[in-house]
Amino acid sequence: MGKYCVLTLIVIISATTTLALDWYALTQANYAAIQNGLSQLNDAASQMNQSITEQQNRVQSAMDELDDYVRQSIYGLLYQYQSLNVNLTTIQNLIQVVYKVGGYKWYVSMLADDYKKTVTNNVMIPAQSTVQNILSAMTNFYANQWQSCSQQYAPQLVQPQLSVGRLKLCITAAIPYFKALADTTLSLFSYGKTGLTTLLGFLDQCSPSSSSCVQKFLNDAPNLMNNLVMSITNLQSLPNMFMQPGVPAVKECTDLIMADIQQTLQSLVNKTTNC
């Protein structure tokens with residue numbers, strides 16, 4: 001009888017030790033799964049940030065290019081219309097008063113930074129909430145570790161369906177919207193070049209002997225060119241057209257995946273609670 005009790009005690013101690021080691025391994029696996037999911041989100045955010053920065057650079061480089069095009073086109077009047085006696089001082093003065101497209105680089109940078117921040121927050125904040133829910137569920141399972149239901153369902157916490165890494169789709173989904181904004185802006189700049197060429201071509205209507213015609217063009221040129229610059233740098237409406245739809249799209253993607261994760265998680269918790 002004494003030997004039987006000793007053997008029973010040994011079996012219980014052995015089972016308890018094995019069970020404790022299993023829970024430790026499961027806890028570590030759960031942490032690893034969470035870290036892996038968050039790592040996927042960070043990678044997706046880096047991909048998005050890189051893409052948006054590339055589009056931002058495209059637009060800002062195009063701004064410098066357009067300013068160079070305006071400057072070179074105006075200087076070109078000296079050679080294209082030599083018979084009209086357009087002098088260098090007049091050309092230099094005209095260049096000085098024409099607005100610089102590059103002066104609006106700050107606005108492009110602001111749009112890019114705000115979009116990155118908004119998209120990231122719309123995904124990362126819910127992701128952190130999900131992580132807390134998963135950890136709470138793990139704590140609940142561990143508190144009831146002797147129940148067969150806890151032992152049965154706790155390992156399912158590391159299933160891919162519960163990974164916050166699924167939200168990476170929502171981050172990368174934001175990329176095309178900013179690219180569309182950049183592409184449209186570059187189209188506007190292309191229109192600006194065409195418009196400038198048209199304006200400068202009006203000098204063809206002035207005969208060499210008509211100084212009044214030439215002078216009127218030179219007097220009107222600053223306003224005409226600045227109106228053109230203002231029209232192609234009036235970017236305030238573009239975010240509403242291209243970027244703004246991206247924000248609710250990201251949120252919808254996040255909400256759907258979050259709802260799926262939460263229901264799957266709650267189902268596991270309920271199975272243990274109702275055991």
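These legends go with a handful of close-up views of a predicted model.

Local features here need pLDDT of at least 70 and side-chain atom pairs count only at pLDDT 80 or more, while totals for chains, interfaces and linings use all residues. Residues are numbered from 1 along each chain as its sequence is written, and side-chain values use heavy atoms, with hydrogens and water left out.

**View 1. Helix α8 and its bend at A221.** Helices in these legends are DSSP runs (H or I, at least four residues), and strands would be E runs of at least two, numbered from the N terminus. Helix α8 takes in residues 211–232, which makes 22 residues. The expected span of a helix is 1.5 Å times one less than its number of residues.

**View 2. P222 and the buried side of the story in α8.** Buried means under 20% relative accessible area, exposed means over 50%, and partly exposed is in between (1.4 Å probe, protein chains only). P222 comes in at 19%, so it counts as buried. The other buried residues of α8 include V214, F217, L218, A221 and M225. Skipping residues up to four places away in sequence, P222 touches L94 and V97, where contact means heavy atoms within 4.5 Å.

**View 3. Helix α4 alongside helix α7.** Here α4 (residues 105–143) packs against α7 (residues 175–200) at an angle of about 170°, with the axes 11 Å apart. Axes are lines fitted to C-alpha atoms, for helices over the stretch in contact, and angles run from 0 to 180 degrees between N-to-C directions. The pair is therefore roughly antiparallel; that label is for angles over 145 degrees, with under 35 as roughly parallel, 65 to 115 as roughly perpendicular and the rest as oblique. On the α4 side the contact is made by L111, A112 and Y115, and on the α7 side by Y177, F178 and L181. Six of the contact residues are nonpolar, none polar and none charged. Nonpolar covers Ala, Val, Leu, Ile, Met, Phe, Trp, Tyr, Cys and Pro; charged covers Asp, Glu, Lys and Arg; the others, Gly among them, are polar.

**View 4. F178 in helix α7.** F178 is buried, with a relative accessible area of 3%. Setting aside residues up to four places away in sequence, F178 touches I52, Q55, Q56, L111, A112, Y115 and M243. I34 is 144 residues from F178 in sequence and 30 Å away in space, C-alpha to C-alpha.

**View 5. T254 in helix α10.** Helix α10 runs over residues 246–273 and has 28 residues, reaching 40 Å from its first C-alpha to its last, close to the 40 Å expected. T254 has 1% relative accessibility, so it counts as buried. Its contacts, neighbours within four places in sequence aside, are N122, V123, P126, L167 and C170. Other buried residues of α10 include V250, C253, I257 and M258.

**View 6. M124 in helix α4.** At 15% relative accessibility, M124 counts as buried. Neighbours within four places in sequence aside, M124 is in contact with L41, N42 and A45. The C-alpha atoms of M124 and M225 are 45 Å apart, and the residues are 101 apart along the chain.

**View 7. Q60 in helix α1.** Helix α1 covers residues 2–75. Q60 has a relative accessible area of 12% and is buried. Leaving out residues up to four places away in sequence, Q60 touches K105, V108 and S109.

Note on methods: The bend at a residue is the angle between axes fitted to the seven residues ending there and the seven starting there.
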